[in-house]
There are 2 protein chains.
Amino acid sequence: MTQTLTNQSRSSALKALKCKECGAEYELQATHVCEFCFGPLEASYDFSRLSQPITRESIEAGPNSIWRYRSFLPVETDTPIDVGTGMTPLLKSHRLARQLGLKNLYIKNDAVNMPTLSFKDRVVSVALTRAQELGFSTVSCASTGNLANSTAAIATRAGLDCCVFIPADLEAGKVMGTLIYGPTVMAVQGNYDQVNRLCSEVANTHGWGFVNINLRPYYSEGSKTLGYEVAEQLGWELPDHIVAPLASGSLFTKIYKGFREFVDNGLVDDKAVRFSGAQAEGCSPIAQAYKEDRDFINPVKPNTIAKSIAIGNPADGVYAIDIAKKTNGTIESVTDAEIVEGMKLLAETEGIFTETAGGTTIAVLKKLVEAGKIDPEEKTVVYITGNGLKTQEAVQGCIGQPFEIEPKLGSFERALERSRTLDRLDWQPVLV
Amino acid sequence: MTQTLTNQSRSSALKALKCKECGAEYELQATHVCEFCFGPLEASYDFSRLSQPITRESIEAGPNSIWRYRSFLPVETDTPIDVGTGMTPLLKSHRLARQLGLKNLYIKNDAVNMPTLSFKDRVVSVALTRAQELGFSTVSCASTGNLANSTAAIATRAGLDCCVFIPADLEAGKVMGTLIYGPTVMAVQGNYDQVNRLCSEVANTHGWGFVNINLRPYYSEGSKTLGYEVAEQLGWELPDHIVAPLASGSLFTKIYKGFREFVDNGLVDDKAVRFSGAQAEGCSPIAQAYKEDRDFINPVKPNTIAKSIAIGNPADGVYAIDIAKKTNGTIESVTDAEIVEGMKLLAETEGIFTETAGGTTIAVLKKLVEAGKIDPEEKTVVYITGNGLKTQEAVQGCIGQPFEIEPKLGSFERALERSRTLDRLDWQPVLV
């Protein structure tokens, strides 16, 4: 059944789609489920076919975006859709680290990813590049918000028609951050899992490229760049421990795959990296299965403010559990109140305004430190995956208020006096 | 009066503050107005004192942020506050260029600048680095929003206390995008010019570092990096024409200064670059003076949705006019309705969601093209300076609506049918 495209360039290592369960191989088409065992398909590569070996120098000479890792990505073109996605900062934490009692904490900040301020720009850049190669003229997605933003923005830049599906109760910033690009938006009365099921039906009946359904084997590979970049930014070295959010579980498994590929290609030394995952208690099917030592997921109905990671039936949940277990990591969940505290903690210590998903990850990081599950000396990387401007509802009412003053020195002085006697969170909007 | 610091490193070319009007020189302290003629002070440099010459290679070997240009910036430290600010994408425009009939249009996208999504992160990174060198422990600013976001975020990362002043009627996203970092926020009942006057009084009575008042000579130099980056990203070449927004006029003059410094240091060939400026009609004191061929500004009272550039009494207005005139550029203004159309045009063609200031710049670009004031062949760079998620109010009600559907294939099919018969802007939220 394996058949590689004859016109494939020597700068692409993409070989076939391969079932993660039974290993059956498939042509490099828009398909995502194994015909034999219904397992998920994943892109596989033959790096030996590249005309030039991949070296640190060849990567460093590449563009300042995810496309510096093109040989590891499931595309064949030499001219991918490059809107500057990726190469977001890896910040050494000072104030948050001190507060938590950690000595080697790093923050990978995809809250400022380009163009739409979440890690989804990585997967969408890859998926739409592949969609063009496969001849699609209309692209689509089932989204909890960030993916809709990204698909709509990058599709219009690339001249592709776009129709996105979102749950009808999404945050205003995410809806507007999609509509502005001019796609067709379908607001589905239901949760993400219902949106996803509807989209699977549409994918079967229309000739559209759904980035996270029939293009999923290509799309999901984009998350590997979150592994590559961290390794490169640490000076070509793997970290000791990573903490990342779990929605479908895909991101988690792809960071792992990215690290392994770097080791296998001699770009970094091998090392045991611990993988810990974060979920919101209101939608924590993976954390629950982990806690109960199950190797299957019981789907749940999401009820949390962390909507972008609220997937009740996570496709890669069992793979995420497997990785956490075999790397001596863990999976933990936190309440909505802890999520808001996590958002504030990150903003007030490091100047990073993340959305609820990032708040979840920071809150889990804190919980793991307090439980002694992170060694203070460990080189720990925490992944921040989206921007707080998109989920302003989450922190409204819990971040203090401005002092309303007249444009006079005396009015300012009185407000300043008052600010010094009040705890910030007790502030009320007052005219002084 | 000139006195250079004795402990200044050989990697800094910073020499003195110099009056732009009478040329008097001052020590490198927190001061911004000439004692003799009340002209504005500006940082001056002696590049010959550097122990290593500045070359393209030395810049390219630097960090992936504005600090690759450190030798051109008014700081002395070798460890500035670097949160990844700068090196935002310069995108070759395809769809917008085609729509406007331009052949060589580029978009400098600071809507995704780090950490707070506007060009202000550049000037604040410089100002707060200098504030630390000068020994300030509390920093402040008078802001139309973006500056408050940036000052609060970078101050907290650097461990500085922070108090910001904003007009009380600011967009919700900008207020929240400041409060989240935990500074003291003073919401002043008045417009930006009143806020600014109050802050000048506070600067005189408190020992605070106001980034855009007593630290302004350092702060404003950060905008030069918008010139350096464009030149480097064009392959070490200057553009033919730039279009940028005008608020105080400072950004405009500093891009010019940046280009000149690159020429003077042999990094790019000299070339005539045309400078065109953009204002909102509801606050266009610079455009009005330009149109009436005045060499002075008549202050105005702002009334426009483009709040981030609504400065009625612009400090660098006359310098901006001078540059537009001597480079054969122009200054133009557009209505609020045109600004919204500009935001939509950029989003729908290039996938970039900018705030009202960016909409102003795009609308002016369009107007200049239609008036024959931009040659289709000219290598034109348009500067996008902020993110649309912060000014969602501006486009609410003008960007279409989602189709509300049930999670069923039939409901989707009916909505799709309807979407094809309707112009997007006529859509209403309908349950199909």
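This is a predicted model: local features need pLDDT of at least 70, side-chain atom pairs count only at pLDDT 80 or more; totals for chains, interfaces and linings use all residues.

1. A:Asn146 belongs to helix α4 of chain A, which runs over residues 146–158. With a relative accessible area of 6%, A:Asn146 falls under the 20% cut-off and is therefore classed as buried. Apart from its neighbours within four places in sequence, A:Asn146 is in contact with A:Thr116, A:Ser118, A:Lys120, A:Lys174, A:Ser308, A:Glu355 and A:Lys390.

2. A:Thr385, by contrast, sits in a loop, the one between β13 (380–384) and β14 (403–405) of chain A. A:Thr385 also counts as buried, at 4% relative accessibility. Once neighbours within four places in sequence are left aside, its contacts are A:Asp110, A:Leu117, A:Ser118, A:Phe119, A:Pro245, A:Leu251 and A:Ala357.

3. In chain B, the loop between β13 (380–384) and β14 (403–405) holds B:Thr391, and the relative accessibility of B:Thr391 is 1%, which counts as buried. Beyond its neighbours within four places in sequence, B:Thr391 is in contact with B:Glu171, B:Lys174, B:Met343, B:Glu355 and B:Thr356. Two of these residues, B:Met343 and B:Thr356, return in the helix contact of the next point.

4. Helices α12 (residues 336–350) and α13 (residues 356–370) of chain B pack at an angle of about 90°, their axes lying 7 Å apart, and that angle makes α12(B) roughly perpendicular to α13(B). From α12(B) come B:Glu338, B:Ile339, B:Gly342, B:Met343, B:Leu345 and B:Leu346, which meet B:Thr356, B:Gly359, B:Thr360, B:Ile362, B:Ala363, B:Lys366 and B:Lys367 of α13(B). Sorted by class, the residues of this contact are six nonpolar, four polar and three charged.

5. For chain A, helices α12 (residues 336–350) and α13 (residues 356–370) likewise pack at about 90° with axes 7 Å apart, so that α12(A) is roughly perpendicular to α13(A). The contact is formed by A:Glu338, A:Ile339, A:Gly342, A:Met343, A:Leu345 and A:Leu346 on the α12(A) side and by A:Thr356, A:Gly359, A:Thr360, A:Ile362, A:Ala363 and A:Lys366 on the α13(A) side. Here the division by class is six nonpolar, four polar and two charged residues.

6. Helix α11 of chain A (residues 317–326) has A:Gly317, A:Tyr319, A:Ala320, A:Ile321, A:Ile323 and A:Ala324 buried. The buried residues of α11(A) pack against α9 (250–264), β11 (274–280), α10 (285–291) and β12 (331–334) of chain A. Just after this helix, A:Asn328 adopts a positive phi of about 65°.

7. On the chain B side, B:Arg157, B:Met176 and B:Ile180 supply 12% of the area that chain B buries against chain A, more than any other three residues.

Technical notes. Residues are numbered from 1 along each chain as its sequence is written. Chains are lettered from A and ligands numbered from 1 in the order in which they are written. Side-chain values use heavy atoms; hydrogens and water are left out. Helices (H or I, at least four residues) and strands (E, at least two) are DSSP runs, numbered from the N terminus. Buried means under 20% relative accessible area, exposed over 50%, partly exposed in between (1.4 Å probe, protein chains only). Contact means heavy atoms within 4.5 Å. Axes are lines fitted to C-alpha atoms, for helices over the stretch in contact, and angles run from 0 to 180 degrees between N-to-C directions. Angles under 35 degrees count as roughly parallel, over 145 as roughly antiparallel, 65 to 115 as roughly perpendicular and the rest as oblique. Ala, Val, Leu, Ile, Met, Phe, Trp, Tyr, Cys and Pro count as nonpolar, Asp, Glu, Lys and Arg as charged, and the others, Gly among them, as polar. Buried area is the accessible area (1.4 Å probe) that two parts lose on being put together, summed over both.
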